[in-house]
Amino acid sequence: MTADASEHSVKVFFELQQDEDGYPPVTCESMWATPVGDGLYRLGNIPFFARGVAYEDVVSAVPRDDGTLGFVEVVRPSGHSTLRVIAYEASEAPELRRQLEALGCDTEQSHIPNLFAVDVPPSVSLDAVRRLLEAGDASEHWEYEEACLEGA
């Protein structure tokens, strides 16, 4: 969890649609969030599979039949962007994560080997991050996707 966990954190669940290849490999993703009042929650994780949401976005959520909280919509975007990277060789992932962190991004390792999520805060140049990722993509070291772009 990127944000500090506390007794006030809750999980918000995001329903996911799988494509014909079975991606994402799960049908639901949960993220830690902090209640901010009136059914609103500030996300405390970088999403691995949910699209259209980013770290620190304020989202609305409602109780589901099983008692958990289900995502409804983004109410206040944080200005952060979410990218995901899958390295073709596991040995390349740590160095790429270091390079992204040197640019000012945070990263979180997935439970899937070689896959990690990238948070690009508003203070970091998305163009600089893209240049780094596109160079590795072009040389077939990794692939990346833009899951949520600031202002998009």
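Predicted model: local features only at pLDDT ≥ 70, side-chain atom pairs only at ≥ 80, totals over all residues.
Me: Start with the open sheet. What's the strand order?
Reply: The order is β7-β8-β6-β9. That makes four strands, with antiparallel pairing.

Me: Which strands stand at the edges?
Reply: β7 (106-109) and β9 (142-148). Each has a single partner strand, so one side of each is left without a neighbour in the sheet.

Me: And the twist, what does it average?
Reply: From one strand to the next, the average is 25°.

Me: Take β6 and β8. How many bridges there?
Reply: Six. β6 covers residues 81-87 and β8 covers residues 115-120, and the two pair in the antiparallel sense.

Me: What stands opposite Thr 82?
Reply: Asp 119, in β8.

Me: Where does helix α2 lie?
Reply: Helix α2, residues 126-138, lies across β6, β8 and β9. It runs at about 145° to β9.

Me: Switching to the barrel. Which strands close into it?
Reply: Five of them, in the order β1-β2-β3-β4-β5. Pairing in the barrel is mixed. The twist there averages 55° from one strand to the next.

Me: β1 and β5: parallel or antiparallel?
Reply: Parallel. Two bridges join β1 (residues 10-15) to β5 (residues 69-76).

Me: Which residue in β5 is the bridge partner of Phe 13?
Reply: Gly 70.

Me: What do strands of a sheet pair through, in general?
Reply: Backbone hydrogen bonds, in either the parallel or the antiparallel sense.

Technical notes:
Residues numbered from 1 in each chain as written. Heavy atoms only, no water. Pairing = 2+ DSSP bridges. Axes fitted to C-alpha atoms, helices over the stretch in contact; angles between N-to-C directions. Contact = heavy atoms within 4.5 Å.
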